[in-house]
Amino acid sequence: MIIGDMIISSLEFPGNVSLVIFTGGCILKCPYCHNPEIIDGGKSVEMDEIIKKIDNSMEFIDSVVITGGEPLIQNEEVKNILRYAKSRGLKTKLDTNGFFVHELEEVMDLLDYVALDIKAPFGKYKEIIGSSIDNEVRKSMESCIKADVYLECRTTFVPYLMEIEDIVEIAKNIDANIYYTLQQFRDKKVLDKKLYGTPIPSRDELKEIAEMIKPFLKHIKIKTAEFGDEIIK
Ligand code: SF4
C-alpha cells in the first residue's frame, strides 16, 4: 500500500486516540491542497507492516483513521485495514473527497464515521476546484446518510476561490448528522502557488459565516489554526 505516514493522534476522531494512516495518491488537484506531495507520492509498505503498527499501538488507541490523499484509490487495502481494525474492537473513520461512491459503499459496514469533503456547492466544483465531481460527492453523502454512519461534512473556506454565498449554498443542500465543519484556509503550503498571499479567514469571519448558515444546519463547527475545533452554539 502507498502511504505517507502513520501517526498517533487525539485530534482526528473526537473523543478517541487514533492510529492515523495517511494514504498516498489522489484523483483531484485542489488548488489549496495543503499536502501536495502526497498527491503523487508516498512510500510502499506491506499490509503486514500496517497490521503490526495497529497491534503495537493497541495499548494507546481506540480507533483507526484512514485519511489521504484519497484513501479509496486503494480500496482493497482500505477494506483490509478496516476489517482488521474492527476485528480488534477498534472504531473506524475514513476521510474522503467523495469521488469513489461504489468503493465507499463497499466499506460502509466497516465504518463508524465518515468525514466527507464538500469542496464547493453542487454545480460549482469545476469552477472552484477544477474537477466536476459534484454528482459523485452528492451520491456519497446520500449513501452515508442512508447507512446511518456518523457523517461530518467539511469545507475549507478559501477567499479568492469562493464567496460567502457559496458556503450558504452548500449549507442549504447538504446534511451531516455530526457536524458541518467550516475550515480555515491557510497558505503555509498549497498546490497552486497563485494562492500564496490569499487572505487567511479569521476566526471571527468564520464565526460570522457559521451564524449565517445556522438556519440550514443543526450542528456547525469552525476549525482554525489558532483555536482548533470550536462548536458554534
Ligand atoms: S485537498 Fe484532498 S482531495 Fe484535494 S487534492 Fe489534496 S488530498 Fe486530494
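This is a predicted model: local features need pLDDT of at least 70, side-chain atom pairs count only at pLDDT 80 or more; totals for chains, interfaces and linings use all residues.
Trainee: Why are helix 2 and helix 3 called roughly parallel to each other?

Mentor: The axes of helix 2 (residues 47-57) and helix 3 (residues 75-87) cross at roughly 30° and come within 11 Å. Angles under 35 degrees count as roughly parallel, and helix 2 and helix 3 are therefore given that description. The crossing of the two, helix 2 and helix 3, is right-handed.

Trainee: Which residues in helix 2 and helix 3 meet?

Mentor: From helix 2 come Met47, Ile50, Ile51 and Ile54, and these meet Glu77, Asn80, Ile81, Tyr84 and Ala85 in helix 3. By class, the residues of this contact of helix 2 with helix 3 divide into 7 nonpolar, 1 polar and 1 charged.

Trainee: How do you know that the contact of helix 7 with helix 8 has no polar and no charged residues?

Mentor: In helix 7 the residues concerned are Ile164, Ile167, Val168 and Ala171, which meet Ile209, Met212 and Ile213 in helix 8. Ala, Val, Ile and Met are among the residue types that count as nonpolar, and the contact accordingly has 7 nonpolar residues, with none that are polar or charged.

Trainee: Why is Leu111 called buried?

Mentor: Leu111 has 23 other C-beta atoms within 10 Å, and because a residue with 20 or more counts as buried, Leu111 receives that label. Leu111 is found in the loop between helix 4 (101-107) and strand 6 (113-117). Setting aside residues up to four places away in sequence, Leu111 touches Leu82, Thr92, Leu94 and Val149. One of these, Thr92, is 19 residues from Leu111 along the chain, and their C-alpha atoms are separated by 5.3 Å.

Trainee: And what makes Ser132 exposed?

Mentor: Ser132 has 12 other C-beta atoms within 10 Å, and since the label applies at 12 or fewer, Ser132 is exposed. The place of Ser132 is in the loop between helix 5 (125-129) and helix 6, and Ser132 touches Tyr125 and Lys126, residues up to four places away in sequence not being counted. Ser132 and Ile7 are 125 residues apart in sequence, and from C-alpha to C-alpha they are 32 Å apart in space.

Trainee: Why is Ile145 called partly exposed?

Mentor: Ile145 has 14 other C-beta atoms within 10 Å; a residue is exposed at 12 or fewer and buried at 20 or more, so that Ile145, being in between, is partly exposed. The place of Ile145 is in helix 6 (residues 134-147), and Ile145 touches Leu151 and Asp175, leaving out residues up to four places away in sequence.

Trainee: What makes the phi values of Asp148 and Tyr160 worth a remark?

Mentor: Phi of Asp148 is near 60°, a positive value in a residue other than glycine, and phi of Tyr160 is near 90°, again a positive value in a residue other than glycine. Asp148 has its place in the loop between helix 6 and strand 7 (150-157), whereas Tyr160 lies in the loop between strand 7 and helix 7. With 9 C-beta neighbours inside 10 Å, Asp148 counts as exposed, while Tyr160, with 13 other C-beta atoms within 10 Å, is partly exposed.

Trainee: Which residues does a cis peptide bond join, and which residues surround the ligand?

Mentor: The cis peptide bond joins Gly68 and Gly69, with omega about 5°, and Gly69 lies in the loop between strand 4 (63-67) and helix 3. Gly68 and Gly69 are also among the residues that surround the ligand, together with Cys26, Leu28, Lys29, Cys30, Cys33, Asn35, Ile39, Glu70 and Asn97. The residues of this shell divide into 5 nonpolar, 4 polar and 2 charged.

Technical notes: Residues are numbered from 1 along each chain as its sequence is written. Axes are lines fitted to C-alpha atoms, for helices over the stretch in contact, and angles run from 0 to 180 degrees between N-to-C directions. Helices (H or I, at least four residues) and strands (E, at least two) are DSSP runs, numbered from the N terminus. Angles under 35 degrees count as roughly parallel, over 145 as roughly antiparallel, 65 to 115 as roughly perpendicular and the rest as oblique. A crossing is left-handed if the near helix is turned anticlockwise from the far one by less than a right angle, and right-handed if clockwise. Two residues are in contact if their C-beta atoms, placed from the backbone, lie within 7 Å. A residue is near a molecule or strand if its C-beta atom, placed from the backbone, lies within 6 Å of it.
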